[in-house]
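Please look over the structure shown here before reading on.

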Amino acid sequence: MNIFGNKNKKANDKDNAKIKLVEVSLLHFDRDFKNVFQQENDKVAEIANDMRLNGFDKSRPIIVTEAYIIVDGHSRFMAAKKAGLEKVPVIIKKFDSRDETIEYEYKMQLNSRRLTDGEYFAAFLKLDEIRRSNPNAQGSSDEAIGRQLNKSARQVCKMREIAKKADAALLEKIQNGSVSINKAYEIIKAAEAKKKASPEEASVTQSGNTGKGINQDSFKLGVLFVLSELERGRKKGQILKDKRIAKLDLGELNLSEEDTARISQRFGIA
């Protein structure tokens, strides 16, 4: 007994629609999808030349939605227009949602062509967006998207981190193919390591005699301020309560050059 019989029959009825001839002018791209997968001009020209000689290969119809949006056969569609064909064979496929349509488009492209890293990254972004909007999504998103992209969960994890941390310039380099996903990930990790090391190096460099991470110029200015206040007759307790000292906001001290020179000379501070 085939307990899945009814489900399979429904799927077959949905996917195995009849081929029909449709005017080329009725078909159109999904703009968002077309921007992800670029069609190769040489390949389109080659298919167009074949169509001029032999017509459209009906064994490979264009798959479209009920609204005649192309979900598979983008290059064949462009070639048909280039060859001057008026009608092309299509299969109209029904989808329950736009997300289902997009997922099908990605599946067909991933199975039929060799993608660039930029296209893989763009596909990840869209599939991840779809998954996050699905309240019924279960399991690890990296593993699920990895199966859709034919990539490891680790590679998807790298793409996720790139999406979160890469700046616009690096993202553009991934898109135009000048930087691979792995290289972009290495660049981000190197920048993080450098940033993590910087505060420690700065602490060693700037601590000087203060032991509190204040650079030497600010410390010297603070000393000059305290000495100048003592010169004016203020008590130690009053100076320590000064908000400018408490906050170490030494930029507000506003010592004149004359006062700085006088106090430096008075107390022998270079």
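Q: How many helices and strands does the chain have?
A: This is a predicted model, in which local features need pLDDT of at least 70, side-chain atom pairs count only at pLDDT 80 or more, and totals for chains, interfaces and linings use all residues. Residues are numbered from 1 along each chain as its sequence is written, and side-chain values use heavy atoms, with hydrogens and water left out. Helices (H or I, at least four residues) and strands (E, at least two) are DSSP runs, numbered from the N terminus. Counted in this way, the chain has 14 helices and four strands.

Q: What percentage of the residues in the chain is buried?
A: A residue is buried under 20% relative accessible area, exposed over 50% and partly exposed in between (1.4 Å probe, protein chains only). Of the 270 residues in the chain, the buried share is 34%.

Q: What span should helix H6 have, and how far apart are its end C-alpha atoms?
A: The expected span is 1.5 Å times one less than the number of residues. Helix H6 covers residues 117-132, which is 16 residues, so it should span 22 Å. The distance between its end C-alpha atoms agrees: 22 Å.

Q: Are H6 and H7 roughly parallel or oblique to each other?
A: Axes are lines fitted to C-alpha atoms, for helices over the stretch in contact (heavy atoms within 4.5 Å), and angles run from 0 to 180 degrees between N-to-C directions. H6 and H7 pack at about 130°, with their axes 10 Å apart. Angles under 35 degrees count as roughly parallel, over 145 as roughly antiparallel, 65 to 115 as roughly perpendicular and the rest as oblique. H6 and H7 are therefore oblique.

Q: Is Met 108 buried or partly exposed?
A: Met 108 lies in helix H5. Its relative accessible area is 22%, so Met 108 is partly exposed.
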